[in-house]
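Visitor: I am new here and would like a short tour. Could you show me the structure before we talk?

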Amino acid sequence: MSVFVTKLKEVLSSVLPITIIVLILNFTLTPLETPLIIRFLIGATFIIFGLTIFLIGVDIGITPIGNNMGATVVRTNKLWFVAIAGLILGFFISVAEPDLHILAGQVDSVTSGLISKGSIVVVVSIGIAIMLAIGLIRIVFNFPLYKLLTIIYGFIFILAFLCSPEFLAISFDASGATTGALTVPFILALAMGVSKMKKDSKASEKDSFGLVAVASTGAILSVMLMSILSSTDEITGSLEQENVSDLIIYPFIHEIPKIAGEIIIAIFPILILFLIFQKISFKLSKREVRKILFGILFTFIGLVLFLVGVNAGFMDVGAAVGYSVASLDNKLYVVLVGFVLGVVTILAEPAVYVLTHQIEDVTSGYVRRKVVMFTLAIGVGIAVALSMIRILIPELQLWQYILPGYIISIAMSYFVPKLFVGIAFDSGGVASGPMTATFILAYAQGAAESIEGANVLVDGFGMIAMVAMTPLIALQILGFIFKLKSKKGGLESNGE
């Protein structure tokens, strides 16, 4: 019970700020319809309890499975086994990610089925599987992360010039969306399990991070290749306005069975893989197995409550706030509100909790989670503000942000303590979870729908891409600060 109370306090401090800000906006700049606000508050309650139960489930279920699988994969000491295990785990974990289903559904909806949900999910999952296998092989062979990322992003930059603007936005968004509430805890645990098998503790500390970063590039590459190979003509989209604003309870009732079904399909492969590994390799005690199964059940219940709250309570409010703020005469409000929402939304991301706690654990408290949280929040706030400027100025294109941003990030990786390179690139994917993929994306799409000359498909999407990019720079700057502060300490020798 004490664990539940501790987690609940953490979650409350994260979800309450965004709730308060929306209520302030409702009573000042953007008055919203009463049923919409009631749904928002019910959604917030779902999110608070859902996120609390989910985090407990991750601790006792998902993380031990990932740790054990990682250790088992390396123990075989066979390259082919590591590669095949990476491919299988990568595909199933990606297909299991609720965030990817949210994004794919939005792409399907906005393009009126031209880019189907199924095609996005399958293509992205194949990309993730291939890159997860490469990421595991990198850890086993001690290949430097910053060199691998330089090679991968070199390919991405080349493909970016051959890819259509619509697909460019979707590909980077898919990268952020794939590394969400379910994928991140599992991949982080997998990386920790693999790196713990190393005899060198410094190498083990560095290699605990970076696998999420490598895996998430698979989504970018696969969607870009899909665009080039399918040679789709220019596509446009618009935001469908459903008349459900006067309904309060129905949206929640409607979402529960749909989301529960998706999460069962998502978690089932992980459960099956665990039972197979338990039979062949893990040989855990009955008590440990029972505890992990309870963890999986908590993960399921928590995710269902969380996603129902997000989809039925938060999403419509995000679009309504974006549309209303963008309709005001002073367009500066769009940017300022975007910045504030970006800062507070990141605090409620489930995967951010998992990563920041792991950073504190792996570094034995040297890199404090609150410092990482603050840096992430500022980075994401800037990302949302820059995205709003891009919507307001039609001439500004996504690649004009993304290209310099990633070039700076890659260049910094050669000088920052290597521990921070892994943390920064993992954080990029982690920052863009279900809260960003729904509330902030809905805010951007609402604003794009309101502003003349903006394209919902090109300008609305690309938001997650920006949120995934800015933490790379923000956290590497934090790495520089740590490097300067600990010239005579142990971090520099640890990190280099």
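**Salt bridges and a buried helix**

Guide: Arg 39 forms a salt bridge with Asp 316, their closest N and O atoms being 2.3 Å apart. A salt bridge here is a side-chain nitrogen of Lys or Arg within 4 Å of a carboxyl oxygen of Asp or Glu. This is a predicted model, in which local features need pLDDT of at least 70, side-chain atom pairs count only at pLDDT 80 or more, and totals for chains, interfaces and linings use all residues. Residues are numbered from 1 along each chain as its sequence is written, and side-chain values use heavy atoms, leaving out hydrogens and water.

Visitor: Is Arg 39 buried or exposed?

Guide: Buried means under 20% relative accessible area, exposed over 50%, and partly exposed in between (1.4 Å probe, protein chains only). The relative accessible area of Arg 39 is 1%, so Arg 39 is buried.

Visitor: Which helix holds Glu 262, the partner of Lys 117?

Guide: Helices are DSSP runs (H or I, at least four residues), numbered from the N terminus. The side chains of Lys 117 and Glu 262 meet in a salt bridge, 3.2 Å from N to O. Lys 117 lies in helix α5, 145 residues apart from Glu 262, which is in helix α11 (residues 250-282).

Visitor: How far apart are the end C-alpha atoms of helix α6?

Guide: The expected span of a helix is 1.5 Å times one less than its number of residues. Helix α6 (residues 145-160) has 16 residues, so it should span 22 Å; this agrees with its end C-alpha atoms, which are 22 Å apart.

Technical notes. Helix = DSSP H or I, 4+ residues; strand = E, 2+ residues; numbered from the N terminus.
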